[in-house]
Amino acid sequence: MQDKSIFPPGASTEETLATHPDAALRVAITGGTSGLGLALVREFLARGASVAFVARGAERVDRVAREHPGAHGIAGDVSAKNDIYPIAVQIAGELGGLDVLINNASDLGPAPLALLGDTDCTEFERALATNVLGPFRLTKALLGALAASARENGAAVVLNISSDAAIDAYPGWGAYGASKAALLHLTRIWNEELASEGVHFVSLDPGDMDTPMHALAVPDGNPAVLKRPETAAREVADAITATLARCVPAGATEGDRR
Amino acid sequence: MTPASQPIQRPPDAKLLVIEKNGRITHMPRVSFAGLLRPGDLVVANDATALPASLRGVHSPTGWPVEVRLAGRRSLDEVCCFTAIVFGAGDFRSRTEDRPAPPRLKPGDRLTLGPLSGTIERLLDHPRLVDLHLDGPADAIWSGLARHGRPIQYAYVPVPLELWDAWSLVAGTPVAFEPPSAGFALDWRTLERIRSRDAAFATLTHTAGISSTGDMELDLRLPFDEPYRISKSTASAVESARAHGSRIIAIGTTVVRALEHAASQDGRVHAGDGLATQRIGPGSQLRVVDAILTGVHAPGTSHHQLLQAFADGATLRRAGKELDAMSYRTHEFGDSVLIERKPCGNRQATRTRPTL
């Protein structure tokens with residue numbers, strides 16, 4: 001069953017999102033001012049969703065919010081414990097609840113990439129704080145909102161951006177790979193625990209993209225052979241649509257999703 | 001009864017006093033709550049969490065320091081207009097009763113509250129109760145509240161509360177003024193247990209107001225009108241449970257207020273937004289809620305008034321003696337009480353119900 005609320009505007013539905021703002025899917029995206037995160041903000045706005053995005057730099061957040069009318073910009077650092085609840089207050093408050101959380105913000109660890117033996121503990125800790133603890137804390141703070149959405153609409157989704165480095169042991173990618181492996185396992189366990197509440201957890205590896213993070217990791221790479229973040233964003237949005245469609249129980253009608 | 005002074009939502013030794021509908025009183029660990037449920041029971045909690053509603057700032061005309069406590073609102077959606085209580089200098093460390101009055105407030109007075117600012121639109125028949133209009137677009141107000149606001153807090157908890165202390169595990173949207181703290185008893189394991197007993201769990205959103213103003217005259221006006229929202233799925237779960245003669249168990253007084261208000265028109269709980277304006281007390285006939293899990297409330301408070309719709313004064317006095325004797329802790333981080341509604345004529349005639 002397709003969910004009409006994330007059809008692109010202009011799709012043949014009788015209710016336009018302009019006249020029914022409540023019809024929009026409520027989506028929060030971390031790391032939303034560059035790379036895949038920014039492409040996700042644009043993709044979900046184009047699909048008619050209500051979007052809140054989080055990033056560290058207040059000026060960039062303001063600029064992206066100005067350039068994308070309708071998107072709610074939130075300045076905050078997901079790796080900082082004391083930022084999590086202020087971020088959660090703004091996400092749930094500005095969107096009036098939450099249907100989809102995308103934990104996209106990531107830290108590469110040492111840049112340039114370093115062998116584990118050469119990796120500073122502080123750099124390793126920073127990767128864990130951004131890639132594991134941050135998504136854990138933010139998801140936990142927003143779990144009540146997500147579960148409320150799932151009770152009302154049949155399903156809610158947390159999508160955590162993963163990497164092949166979460167599975168394969170690439171020399172030089174120790175901090176990033178270990179933290180992404182932890183995030184992958186966190187996602188799987190959380191999904192086991194909360195699928196019965198209707199909150200579904202999905203890992204998605206978008207592949208090698210032409211993003212600032214990839215340039216940091218592979219400075220002499222050829223961007224032309226990399227995936228465009230826009231393409232990856234479309235795949236992420238499709239995966240979320242598919243999860244919602246699969247998990248909304250039979251009997252729920254399209255109108256049941258706000 | 002002593003106040004719980006540590007901000008721990010689920011102390012491992014939390015106690016539960018149960019008043020059965022025949023008036024019998026028993027005690028158990030609170031973690032055993034889900035074990036009291038029967039197949040078909042519907043547990044309804046409030047998924048609102050508290051705004052960071054305590055705002056320090058300055059009364060611009062006089063330069064005096066003030067603390068503004070946001071305390072009421074007209075709707076769930078707007079974030080610019082609040083009913084607020086203004087205190088003079090100081091903070092939660094002084095008992096609210098001992099807080100100095102604010103400077104003399106007039107309509108049009110400007111307040112600077114950290115990154116936020118606003119205007120007092122009118123006084124509400126009391127020198128410290130005002131309608132406050134915050135400046136700026138909604139996102140800027142949310143950002144200011146999230147960064148500068150603190151949870152409303154009282155002197156019996158000595159350490160400053162963090163936002164997470166006031167945010168229950170099932171809480172969703174920050175639209176209330178104090179946390180609906182009966183929900184602190186719930187965790188995800190409990191929800192799992194509810195499900196495993198073939199009982200169901202639902203939530204509504206109710207903007208729980210403040211519990212104390214520090215002013216006798218104002219306290220008599222509590223609770224203020226409180227907007228709430230009931231989703232379609234919750235309304236249908238409630239009606240389905242009622243149709244099957246199953247029990248509706250409210251987690252907290254706010255859930256009772258919302259459900260009973262929603263059913264006040266034609267007896268059915270409808271989905272949608274409402275404004276709970278009624279007072280529930282000894283004379284109130286409950287139409288929806290069969291039992292309440294709530295905190296330990298002192299006689300004389302509006303919360304305790306509401307409990308008298310569930311059990312008569314004599315039973316509550318008996319329970320009060322046991323709460324004292326067994327050293328139950330009061331307030332939001334305290335122990336809990338579960339009361340099943342005493343039988344009343346009308347409903348008993350038409351419905352039979354299992355006992356706890």
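## How to read the model

Residues are numbered from 1 along each chain as its sequence is written, while chains are lettered from A and ligands are numbered from 1 in the order in which they are written. Since the model is predicted, local features need pLDDT of at least 70 and side-chain atom pairs count only at pLDDT 80 or more, whereas totals for chains, interfaces and linings use all residues.

## Chain A as a whole

Chain A holds seven helices and six strands, where helices (H or I, at least four residues) and strands (E, at least two) are DSSP runs numbered from the N terminus. Read from the N terminus on, the elements of chain A follow the order β-α-β-α-β-α-β-α-β-α-β-α-α.

Of the 258 residues in chain A, 54% are buried; a residue is called buried if 20 or more other C-beta atoms lie within 10 Å of its own, exposed if 12 or fewer, and partly exposed in between, with C-beta atoms placed from the backbone. Among the contacts in chain A with a separation of 6 or more, 68% join residues 24 or more positions apart, and two residues are in contact if their C-beta atoms, placed from the backbone, lie within 7 Å.

## The sheet of chain A

Strands of a sheet pair through backbone hydrogen bonds, either parallel or antiparallel. In chain A, six strands form an open sheet in the order E3-E2-E1-E4-E5-E6, with parallel pairing; two strands pair if DSSP finds at least two bridges between them. Strand E3 (72-75) and strand E6 (199-204) of chain A are the edge strands, each pairing on one side only. The twist averages 15° from one strand to the next, and such angles run from 0 to 180 degrees between N-to-C directions, with axes being lines fitted to C-alpha atoms, for helices over the stretch in contact.

Within this sheet, strand E1 (residues 26-30) and strand E2 (residues 50-55) of chain A run parallel and are joined by five bridges, and A:Ala28 stands opposite A:Ala52 in E2(A).

## Two helices that pack in chain A

Helix H3 (residues 81-95) and helix H4 (residues 121-153) of chain A pack at an angle of about 30°, and their axes are 9 Å apart. This angle makes H3(A) roughly parallel to H4(A), given that angles under 35 degrees count as roughly parallel, over 145 as roughly antiparallel, 65 to 115 as roughly perpendicular and the rest as oblique.

The residues of H3(A) that meet H4(A) include A:Ile84, A:Ile87 and A:Ile91, and those of H4(A) that meet H3(A) include A:Leu138, A:Ala141 and A:Leu142. By class, this contact of H3(A) with H4(A) has 10 nonpolar, no polar and two charged residues; Ala, Val, Leu, Ile, Met, Phe, Trp, Tyr, Cys and Pro count as nonpolar, Asp, Glu, Lys and Arg as charged, and the others, Gly among them, as polar.

## Where the chains meet

Between the chains, 20 residues of chain A are in contact with 27 residues of chain B. H3 and H4 of chain A each supply at least two residues of the side of chain A that touches chain B, and the residues of that side divide into eight nonpolar, seven polar and five charged.

## The sheet of chain B

In chain B, nine strands form an open sheet in the order E3-E2-E19-E17-E15-E4-E13-E14-E16, and the pairing is mixed. Its edge strands are strand E3 (25-29) and strand E16 (272-276) of chain B, each of which pairs on one side only, and the twist averages 25° from one strand to the next.

Strand E4 (residues 42-46) and strand E15 (residues 248-251) of chain B run parallel and are joined by three bridges, with B:Val44 standing opposite B:Ala250 in E15(B). Helix H4 (residues 232-243) of chain B lies across E4, strand E13 (200-206), strand E14 (226-230) and E15 of chain B, and runs at about 130° to E13(B).

## Residues with particular backbone features

The peptide bond from A:Ala111 to A:Pro112 is cis, with omega near 0°, and A:Pro112 has its place in the loop between strand E4 (100-103) and H4 of chain A. In chain B, the peptide bond from B:Leu222 to B:Pro223 is cis, with omega near -10°, and B:Pro223 lies in the loop between helix H3 (216-219) and E14 of chain B.

B:Ser327 has a positive phi of about 55° although it is not a glycine, and B:Ser327 is exposed, with 10 other C-beta atoms within 10 Å. B:His331, also not a glycine, has a positive phi of about 75°, but B:His331 is buried, with 21 other C-beta atoms within 10 Å.
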